[in-house]
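This report covers salt bridges, sheet packing and surface. View the model alongside the text.

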Amino acid sequence: MKTFSPKPEDINREWFVVDAEDKILGRLATQIAHRLRGKHKPEFAPHMDNGDFIVVVNCEKIKVTGNKMADKKYYRYTGYMGGLRETSLSDMLAKKPEEVIRKAVQGMLPKNRLGAAMLKKLKIYVGPEHPHAAQNPQTLEIQA
């Protein structure tokens, strides 16, 4: 018996909407990454991008446990000496709430071109509206 390997024309991508209101950040990110990677499909192949499109709404209303709102830091480097900048989770949620979910999911995807292609299928929006109604996205329930 031969091992089945999916071809690009065999891939069937669907669209899903996830409401992030009152969801815990890490648990939400793991299930989004699972769907983006395509691991929920029986024809999963680790060398191919066969995941679905995910639209996340209400990204500014996520929850975290413990003292992470004040203690969790995001670091970036400007490229100059002494240019390490840090931002707390509460500041990041106030300024760029979509980046909080994007960075959490990005850390769970492969660190190569394949992971970058998977991350492009993640659409994150502040508020309950999104411009992807034409794709007829289904509602995806995430367990809390």
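Arg102 is partly exposed, at 22% relative accessible area. That class lies between buried (under 20%) and exposed (over 50%), using a 1.4 Å probe and protein chains only. Glu99 falls in the partly exposed class too, at 23%. The two side chains form a salt bridge, with the closest N and O atoms 3.3 Å apart. A salt bridge here is a side-chain nitrogen of Lys or Arg within 4 Å of a carboxyl oxygen of Asp or Glu. Both residues sit in helix α4, 3 residues apart, or about one turn of the helix. Helices are DSSP runs of H or I with at least four residues, strands are E runs of at least two, and both are numbered from the N terminus.

This is a predicted model, in which local features need pLDDT of at least 70 and side-chain atom pairs count only at pLDDT 80 or more, while totals for chains, interfaces and linings use all residues. Residues are numbered from 1 along each chain as its sequence is written, and side-chain values use heavy atoms, leaving out hydrogens and water.

The salt-bridge count comes to 5. Among them are these:

| Salt bridge | N to O distance |
|---|---|
| Arg102 and Glu99 | 3.3 Å |
| Asp49 and Arg13 | 3.7 Å |
| Lys121 and Asp49 | 2.3 Å |

Shared partners join Arg13, Asp49 and Lys121 into one network. Asp49 lies in the loop between α1 and β2, and Arg13 in the segment before β1, 36 residues away. Lys121 comes from the loop between α5 (113-119) and β5, 72 residues from Asp49. Lys121 and Asp49 are both buried. For Asp49 the relative accessible area is 15%. Arg13 is partly exposed at 32%.

Next, the sheet. It is open, has 4 strands in the order β5-β2-β1-β6, and pairs in parallel. Pairing requires at least two DSSP bridges between two strands. The edges are β5 (122-124) and β6 (138-139), each pairing on one side only. Strand β1 (residues 15-19) meets β6 in the parallel sense over 2 bridges. Phe16 has Gln138 in β6 as its bridge partner.

Helix α1 (residues 25-37) packs on this sheet, touching β1, β2 (53-57) and β5, and its direction makes about 155° with that of β2. Helix α4 (residues 97-106) lies across β2 and β5 and runs at about 155° to β5. Axes are lines fitted to C-alpha atoms, for helices over the stretch in contact, with angles from 0 to 180 degrees between N-to-C directions.

Across the whole chain there are 5 helices and 6 strands. From the N terminus they run β-α-β-α-β-β-α-α-α-β-β. The C-alpha atoms fill a box of roughly 55 × 35 × 30 Å along the principal axes. Of the 144 residues, 37% count as buried. Among contacts (heavy atoms within 4.5 Å) with a separation of 6 or more, 68% join residues 24 or more positions apart.

The accessible surface is about 9000 Å², and carbon and sulfur atoms hold 51% of it. Areas follow the Shrake-Rupley method with a 1.4 Å probe, and for residues only the protein chains shown count as cover. Tyr75, Tyr77 and Leu84 form a nonpolar surface patch with about 390 Å² of accessible area together. Leu84 is placed in strand β4 (residues 84-88). Leu84 is exposed, at 55% relative accessible area.

Conventions:
Patches are made of residues with over 30% relative accessible area and no salt bridge: like charges are joined within 9 Å, nonpolar side chains (Val, Leu, Ile, Met, Phe, Trp, Tyr) within 5 Å.
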